[in-house]
Amino acid sequence: MKSLWTRLCGLLCAAFLAVAFLAAAPAHAVEQALIDAAKKEGKVVWYVSLVENQLARPLAAAFEKKYPGIQVQIVPGTATDLVIKLLGETKAGQIRGDVHHGGSSVWPLAKAGAIEKYMPEAAKAYPPELKDPNGLWVADALYYLVAAVNTELVPAGSEPKTYQDLLDPKWKGKIAWTTQMTQGGAAGFIGTVLQAMGQEKGMAFLKQLAAQKLVNVPSNQRVVLDQVIAGEYPLALATFNYHSDISAAKGAPVKWLKLEPVTGTLDTAFLLKGPNPNAGKLFLEFILSEDGQKVVANAGYLPAHPAVQAKVAAQKPEGGNYKALLLSPELVESDLQKWISVYNELFK
Amino acid sequence: MTALPLGDQAIAYRRPLGERLAASLPAIIVSIVIGLIVLPPVAVLIRTSLLSDDGAQWTLAHYATLFSDPRLYVSAWNSVTFSALAMLLSLLNGGIVAWLVERTNVPFKPLAYLSAIISLGTPYIIYVSAWLYILGRAGPLNASYRALTGETGLLFNVYSIPGMVLIEGVLWSPLVFLLLSATFRRSNADMEEAARMSGASVFATVTRISLRLAMPAIAGLGIFVFIRNLEAFDVPVLIGTPSKISLLTTDIYQSMTQVPPQLGHASAFSMLMMVIVAVLLHFYGRISKKAERYASITGKGFRPRPFDLGKGRWLGAALIVLNALLVLVLPLLAILYNSLTPFVRAMNLAGLSNLTLDHYRAVFAQAHYVELALNTVIVAASAATVAVALTAIAAWMSVRRWPYSGLIDQLTSVPLVFPGIVLGVAMIEMALNAPIPVYGTLWVIGMAFVIRYLPYGMRYSHAGIIQVHRELEDAAGISGATRPTILRRVLLPLISPSLIAGWLFIFLIGAKELSIAVLLAGYNAKTISVAMFDQWTNGAGGEVSAMGVIWTCVMTIFSSALYWVTRQRTDMASAK
């Protein structure tokens with residue numbers, strides 16, 4: 001009997017090993033097959049709205065080092081430029097990009113049929129709110145949009161601490177924000193307020209805020225922050241929190257504020273129906289892997305991978321101990337036009 | 001219309017068909033070539049303006065939105081005021097300096113050229129932001145006003161129509177200067193001499209002879225700058241938005257910067273602009289019909305003698321220095337300051353004690369910038385050459401009223417109203433459907449530049465040719481020269497100052513063009529402005545300023561060298 005047990009155990013072990021081997025081998029084989037196929041293609045074309053010198057090139061270089069023989073060809077541009085380009089390419093039936101990085105470009109591109117659905121292996125480590133269940137997109141970087149003050153013009157202690165504080169008459173005509181109609185600009189601020197306070201209370205608050213005569217700056221978040229640093233305006237809304245930290249480290253009189261909930265947005269990476277699908281998949285896997293996300297963190301950006309720390313831990317909600325409200329691509333797709341019309345009605 | 005333009009009165013009989021065809025063919029060919037360049041983007045524009053934003057159905061909604069805007073009339077009024085005032089400022093500033101430099105004995109002449117060339121070489125984004133920085137609330141002007149008077153308010157609010165006019169006017173002064181200086185160099189000496197021998201003062205001679213002779217060129221230029229101002233986005237948006245001053249282009253800007261951009265709205269607006277431009281050009285056509293009356297380069301010696309301003313010289317010199325301050329020194333100082341401070345900060349003593357070369361180091365650390373710079377020079381120079389060559393011939397036919405040349409001027413002016421992004425979209429579509437693989441290469445960017453700058457080339461060529469009396473060409477024709485020979489041996493040498501000025505202008509503004517270059521950039525096909533824009537959105541304002549300073553230096557050296565060489569040669573040619 002004992003021998004039977006032993007044999008049974010042996011059999012089980014063998015079976016387990018076989019299963020384990022069978023399970024492990026294909027996974028390994030797929031990856032090797034992918035690498036081989038990618039090397040055969042030899043290059044991957046990356047449409048990217050990241051700043052080229054700061055992050056796009058370092059990421060490409062790290063990938064080329066890990067997979068020699070596959071070249072990353074960077075095509076830079078703003079999110080708007082790249083969408084225009086890709087919509088044109090899709091219409092002509094010749095998509096030239098393999099991988100795309102951009103914030104709000106997912107839905108227009110998905111509707112046009114430019115995206116190849118693909119759920120990267122690396123995305124398994126990501127929480128559900130940072131990826132699309134159908135493999136349309138995965139977040140590769142996070143952003144938190146915050147208020148910021150000029151510390152020379154606004155003495156410590158007198159800066160606003162809640163959204164309600166923004167209604168103090170002393171801020172009348174002194175609050176600047178970007179007119180960018182994206183989730184990262186004025187529209188995103190309006191969206192955050194409406195989500196957090198609810199439609200009715202949110203609109204009441206926004207009407208009062210509009211009476212403060214906000215200054216619309218027709219430029220990006222960084223330029224608005226620069227104007228705060230230069231002293232043009234004491235207070236700005238919807239600026240990137242890490243920008244304030246970078247400038248403050250150089251001695252600029254600026255500080256970012258945690259008006260809760262802070263607006264959270266994400267950049268997305270996804271596969272296009274491009275000419276190099278295998279190299280595209282491999283590169284996408286790399287961007288989302290821990291290695292790739294470390295490059296993101298080293299460039300000063302906030303990595304999406306839950307296991308990768310930001311360079312300044314306090315910039316992420318967990319490290320900085322603040323509440324954030326994530327404006328997901330789905331929410332942006334369904335509500336952005338509504339936020340824009342609120343802006344046009346109250347603030348323009 | 002059926003006769004050859006040469007000696008048409010003398011010929012009474014009807015020419016055979018072959019001969020008539022030969023006479024009309026050149027203008028028809030040129031019209032077709034220009035049409036092929038200019039009209040495809042127009043077709044894309046019309047289609048975009050009539051398609052719904054998802055591209056699914058035909059609609060007039062974009063036009064409806066355009067006209068239903070309750071603020072349309074206010075915006076239109078603001079736009080017209082802004083465009084007219086800024087045009088006047090450019091004409092006055094650029095025109096007076098051009099006249100002083102070309103026709104009088106004031107000192108500091110090279111300074112005026114230097115100002116024009118350097119300021120044209122400076123990228124817009126940093127040029128306009130430099131002005132905003134100087135005149136802004138925290139800028140040196142208002143800060144010193146507060147420090148001196150103890151007030152808390154502003155001496156000058158730049159976020160206003162006067163602020164807009166000032167900056168736009170200064171921005172386009174170099175265009176006026178370069179164009180009018182070419183015109184004034186060739187103004188008629190005979191009539192001026194006659195006036196002065198009859199005892200007219202310098203002032204009377206200028207207002208009653210010189211100005212009137214230059215009138216068609218000035219009027220054409222005025223209409224041109226007016227249209228340019230009307231369709232300008234950057235200055236009205238950057239300056240108007242913070243104080244909620246709305247111009248016609250303000251909304252368009254917002255619709256173009258959304259993701260995805262709402263191009264229908266912008267296209268409908270461009271169509272409206274095209275109609276306005278057609279009307280304005282019609283009136284311009286009526287002025288220039290009488291062009292021959294104004295021609296000042298005739299068969300007789302035309303070398304004009306400079307006016308002696310006497311003590312007025314120093315007033316003139318002061319004007320040139322003031323112009324240099326406005327167009328060049330102040331903005332450049334601000335840019336230089338921003339490139340040397342570690343972060344954007346108010347201009348004060350504390351800032352001066354903390355300067356750094358970090359931004360310059362960062363720029364020089366990027367080896368691929370050299371490649372981008374080379375790309376830029378190649379694209380801008382080729383585009384300028386093609387545009388000037390094409391418009392020189394086109395303007396010749398148009399001014400001399402060759403048979404069937406009626407449409408040429410209108411056609412070349414069409415691209416003036418394309419917003420950069422709309423032209424970019426059209427180019428993407430055309431390049432993708434082209435039989436040869438040009439998409440994503442420098443060729444497409446070059447082609448887009450040719451289209452975009454055709455109107456500018458036309459203005460320069462047109463103004464040059466309108467001054468040359470046809471008797472010179474007729475004389476050559478009677479002596480047996482063919483038309484190509486006339487063009488090469490008679491006309492081109494005479495109008496070369498205009499053409500060189502035009503080339504330089506297109507080269508310099510092409511080299512810093514942003515919206516098209518960024519949109520059409522491909523791997524291996526990037527220009528320096530793509531890199532600048534990239535750094536700009538990143539907020540590396542200091543680094544962009546450093547790049548701007550370096551770029552301005554490179555452009556200045558390059559174009560000054562070119563200008564002096566060619567100028568010397570044309571001087572020798574015309575002194576003979």
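How many residues does the contact take from chain A and from chain B? In this predicted model, the contact takes 46 residues from chain A and 37 residues from chain B.

**The side of chain A that touches chain B**

Several elements of chain A each supply at least two residues of the side that touches chain B: helix 2 (52-66), strand 2 (71-76), helix 3 (79-91), strand 7 (215-217), helix 7 (221-230) and helix 8 (241-249). Helix 3 of chain A gives the largest share, nine residues. By class, the residues on this side of chain A divide into 18 nonpolar, 19 polar and nine charged.

**The two chains**

Chain A has 12 helices and 12 strands, whereas chain B has 25 helices and zero strands. The radius of gyration of chain B is 25 Å, close to the 25 Å that the globule rule gives for 576 residues, so chain B is as compact as a globular protein of that length.

| Chain | Box of C-alpha atoms | Buried residues |
|---|---|---|
| Chain A | roughly 85 × 60 × 40 Å | 49% of 348 residues |
| Chain B | roughly 80 × 70 × 50 Å | 52% of 576 residues |

Contacts within the chains can also be sorted by separation in sequence. In chain A, among contacts between residues at least 6 apart, 75% join residues at least 24 apart. In chain B, residues 24 or more positions apart account for 82% of the contacts with a separation of 6 or more.

**Two pairs of packed helices**

Two packed helices are described by the angle between their axes and the distance between the axes.

In chain A, helix 2 and helix 10 (residues 290-298) pack at an angle of about 150 degrees, with their axes 9 Å apart. Angles over 145 degrees count as roughly antiparallel, and helix 2 of chain A is therefore roughly antiparallel to helix 10 of chain A. Their crossing is right-handed. Leu55(A), Pro58(A), Leu59(A) and Ala62(A) in helix 2 meet Asp291(A), Gly292(A), Val295(A) and Val296(A) in helix 10. This contact has six nonpolar residues, one polar and one charged.

In chain B, helix 4 (residues 109-121) and helix 14 (residues 312-340) pack at an angle of about 15 degrees, with their axes 9 Å apart. These two helices of chain B are therefore roughly parallel to each other. Helix 4 of chain B passes helix 14 of chain B in a left-handed crossing. Leu111(B), Ala112(B), Ser115(B), Ile118(B) and Ser119(B) in helix 4 meet Ile320(B), Asn323(B), Ala324(B), Val327(B) and Leu328(B) in helix 14. The contact has seven nonpolar, three polar and no charged residues.

**Details of the backbone**

Most residues other than glycine have a negative phi, and most peptide bonds are trans. A cis peptide bond, however, joins Glu260(A) and Pro261(A), with omega about -5 degrees. Pro261(A) lies in the loop between strand 9 (254-257) and strand 10 (262-272) of chain A.

Asn321(A), although not a glycine, has a positive phi of about 60 degrees. Asn321(A) is found in the loop between helix 11 (317-320) and strand 12 (324-326) of chain A. With 9 other C-beta atoms within 10 Å, Asn321(A) is exposed.

Lys244(B) also has a positive phi of about 60 degrees and is not a glycine. Lys244(B) has its place in the loop between helix 11 (234-240) and helix 12 (248-257) of chain B. Lys244(B) counts as partly exposed, with 13 C-beta neighbours inside 10 Å.

Terms used: Residues are numbered from 1 along each chain as its sequence is written. Chains are lettered from A and ligands numbered from 1 in the order in which they are written. This is a predicted model: local features need pLDDT of at least 70, side-chain atom pairs count only at pLDDT 80 or more; totals for chains, interfaces and linings use all residues. Axes are lines fitted to C-alpha atoms, for helices over the stretch in contact, and angles run from 0 to 180 degrees between N-to-C directions. Helices (H or I, at least four residues) and strands (E, at least two) are DSSP runs, numbered from the N terminus. Angles under 35 degrees count as roughly parallel, over 145 as roughly antiparallel, 65 to 115 as roughly perpendicular and the rest as oblique. A crossing is left-handed if the near helix is turned anticlockwise from the far one by less than a right angle, and right-handed if clockwise. Two residues are in contact if their C-beta atoms, placed from the backbone, lie within 7 Å. Ala, Val, Leu, Ile, Met, Phe, Trp, Tyr, Cys and Pro count as nonpolar, Asp, Glu, Lys and Arg as charged, and the others, Gly among them, as polar. The radius of gyration is taken over C-alpha atoms; the globule rule is 2.2 Å times the number of residues to the power 0.38. A residue is buried if 20 or more other C-beta atoms lie within 10 Å of its own, exposed if 12 or fewer, and partly exposed in between; C-beta atoms are placed from the backbone.
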